[in-house]
Amino acid sequence: MADYKSLVWDGLLELSAYVPGKPVKELQRELGIEKVIKLASNENPYGASPKALAALKEYEKEITRYPIGDSYYLRQEIAAFHNVDIDNIVCGAGSDEIIQLLYMAFLTSDTHALAPSPSFSEYELLARGLKSNCRWVETNSDFSINFENILNAVNEKTRFIMLANPNNPTGTLFGEKAFTDFMDKLSPDVLVVLDEAYIEFAEGDYPDVFALMKKYNNLMTMRTFSKAYGLASIRCGYLVADKECISLINRIRPPFNVNSAAQIICAEALKDQEHIKKVVALNKAGKEYIYKEVAAMGLEYVKTDTNFMLIKVGDGKKVFDDLLKEGVIVRFLGGSRLKEYIRLSIGTEEENKIFINSLKKSFK
Ligand SMILES: Cc1ncc(COP(=O)(O)O)c(C=O)c1O
């Protein structure tokens, strides 16, 4: 019998698997109730563009064939959308895979990534899975990014700085001036990844990454179809970066990493920007409703530029559990900075009302 634990590399035993938001079906089964809502994984509750979904018919014809290896036609749409060259783009099975590809290409066991804390936990998990690491640099007390702390943490072993803008789980956004001041002080050999998974929802000032990439060739952006585009299950994201960076990544990219359904649907989704406008407007209305209701309950929240928000509820775990009993799945992230918070993904009007009513019950 193989003793698997003795066969893996040492660091693997220290890791634990990523815990995603609880699935609806699981809670339905546990509670024996039908009405369960999930406001935990920052998905788009309004769904994908109907025009994109109509393209699924095309996919049926493609299902027996391998996908186009380099996502050519999808990259063509992305290139036109951002006004960049097709050779500046690589697509991945979600931005998760893009992070992994970047790390595989450029991280080694004696180099590391840096990211503000709290931020997206995959920055660390994926680095550690490659026998490297991501070091966390604390944000300010209001969760805004502290660029000075990040610059101070950089050393000759720093390969990446991972900057989610807007950030997950805080919803905070940084602007262009603070960012370019930071870029001007940074060595060009440190690669700066702007993870713009939620950028469609941003209302404030943020860096114009496509213009700035012309000045800083160590700067790149990651985008995803999982959030505003409402296509989380299709698994598709992309990286826009310097051509040389893309060509190096292509040397290690699995040949058919983006499936045909994703390539077909995402190309159509990108063309339907009217749908994105609708989603963003509905999200904004939902966000303002929750701001108002939460403030009326005397609770604090972190202003958000995304489709989710942190609400300060005191005992985060207790409120999370109370909400679960009501059939409402939110996220409790815990840790020293977030133990008093829950993270709520903004839902439909009906879901937001159910959430507020359930939250009120928790405080009775
Ligand atoms: C900041 C951030 N980046 C990347 C991702 C990964 O998204 P994808 O579904 O494209 O892998 C997420 C998902 O929650 C996220 O919050």
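This is a predicted model: local features need pLDDT of at least 70, side-chain atom pairs count only at pLDDT 80 or more; totals for chains, interfaces and linings use all residues.
## Around the ligand

Let's start with the ligand. Its neighbours are Gly94, Ser95, Asp96, Phe120, Asn168, Asp195, Ala197, Tyr198, Thr224, Ser226, Lys227 and Arg235. Which helix gives the most to the shell? That would be helix H6, spanning residues 94-106, with three residues.

As for where the ligand sits, the space it takes is the second largest pocket.

Now zoom in on some oxygen atoms of the ligand. One lies 2.7 Å from an N or O atom in the side chain of Asn168. For Lys227, a side-chain N or O atom is 2.9 Å from a ligand oxygen. With Asp96 it is the backbone that takes part: one of its N or O atoms is 3.0 Å from an oxygen of the ligand.

How much of the ligand does the protein bury? On its own the ligand would expose 400 Å², and the protein buries 93% of that.

## A three-stranded sheet

Next up is an open sheet of three strands, in the order E9-E10-E12, with antiparallel pairing. Strand E9 (300-301) and strand E12 (341-345) are the edge strands, each pairing on one side only. As a bit of background, strands of a sheet pair through backbone hydrogen bonds, and they can do so in a parallel or antiparallel way.

Look at where E9 meets strand E10 (residues 308-312): the two run antiparallel and are joined by two bridges. If you want to find a bridge yourself, pick Glu300, whose partner in E10 is Lys312.

Most peptide bonds are trans, and most residues other than glycine have a negative phi. A few places here go the other way.

Which peptide bonds are cis? One runs from Ser117 to Pro118, with omega near 0 degrees. Pro118 is in the loop between strand E3 (112-117) and helix H7 (122-129). Another joins Asn168 and Pro169, where omega is about 15 degrees. You'll find Pro169 in the loop between strand E5 (158-164) and helix H9 (176-185).

Asn42 belongs to the loop between strand E1 (37-38) and helix H3 (50-54).

Note on methods. Residues are numbered from 1 along each chain as its sequence is written. Side-chain values use heavy atoms; hydrogens and water are left out. A residue is near a molecule or strand if one of its heavy atoms lies within 4 Å of it. A polar contact is a pair of N or O atoms within 3.5 Å; within protein, one must be able to donate a hydrogen and the other to accept it, and residues adjacent in sequence count only if both atoms are side-chain atoms. Accessible areas come from the Shrake-Rupley method with a 1.4 Å probe; for residues, only the protein chains shown count as cover. On a 1 Å grid over the protein atoms alone, a cavity is a set of points where a 1.4 Å probe fits but cannot get out, and a pocket is an open set with protein on both sides within 12 Å along at least five of seven lines; lining residues have an atom within 4 Å of a point. A molecule sits in a cavity or pocket if more than half of its atoms lie within 2 Å of its grid points. Helices (H or I, at least four residues) and strands (E, at least two) are DSSP runs, numbered from the N terminus. Two strands pair if DSSP finds at least two bridges between them.
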